[in-house]
Amino acid sequence: MIIYHGSNVVVSEPKLIQQNRFLDFGFGFYTTTNKTQAIGFADKVTKRRKEGAKAVSIYELDEKKAFDECSVLQFESANEAWLDFVSENRAGNYKGETYDFIFGPVANDDVYTTFTLYTAGVLTKEQTLEALKIKKLYNQLVLTSRKALSYLKFIGTVPQEELK
């Protein structure tokens, strides 16, 4: 499996660093199988941090070996379990089991409004799940442990001309 990480710096040796906000799948190193999504994230990070330059690092992951040897939580779709998990993580309230890898849909900017309406109590869980069905959801693979990171092999970066 080829995965990408968008940032304002090249990340040839991924590390787990403390995050300053609560994210969909909690603490971890966020990647995706979608190069376009990683490029978009690199753009956002670079603009937000106002330093560095857009960079998308590319990794190879032997998913069969990694997923066989590690604990994995996988969401096939933006279903009720996914919505509960993401809601708890974004609120900083998740206290459940920990996993080495978490894989599933990303609640990106396209679904942010829907998600915000749900967490504010404007939309019910059923209304939110129905609204998410029509959204194009990309994926994210989050590596949450040093063990998970050990399965990554850095293979390069997306060329600068593709990042424009």
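Among contacts between residues at least 6 apart in sequence, what share join residues at least 24 apart? In this protein chain the share is 84%, where a contact means heavy atoms within 4.5 Å. This is a predicted model, in which local features need pLDDT of at least 70, side-chain atom pairs count only at pLDDT 80 or more, and totals for chains, interfaces and linings use all residues. Residues are numbered from 1 along each chain as its sequence is written, and side-chain values use heavy atoms, leaving out hydrogens and water.

View 1. Along the sequence, the elements follow the pattern β-β-α-β-α-β-α-β-α-α-β-α-β. Helices (H or I, at least four residues) and strands (E, at least two) are DSSP runs, numbered from the N terminus. The C-alpha atoms fill a box of roughly 45 × 35 × 30 Å, taken along the principal axes. Of the 164 residues, 45% count as buried, meaning under 20% relative accessible area with a 1.4 Å probe, protein chains only.

**View 2. Thr 32 in its loop.** Thr 32 is buried, with a relative accessible area of 4%.

**View 3. The surroundings of Thr 32.** The side chain of Thr 32 reaches the backbone nitrogen of Asn 34 at 3.1 Å. Leaving aside residues up to four places away in sequence, Thr 32 touches Ile 2, Ile 3, Tyr 4, Gln 37, Ala 38, Asn 139 and Gln 140.

Technical notes:
Buried means under 20% relative accessible area, exposed over 50%, partly exposed in between (1.4 Å probe, protein chains only). A polar contact is a pair of N or O atoms within 3.5 Å; within protein, one must be able to donate a hydrogen and the other to accept it, and residues adjacent in sequence count only if both atoms are side-chain atoms.
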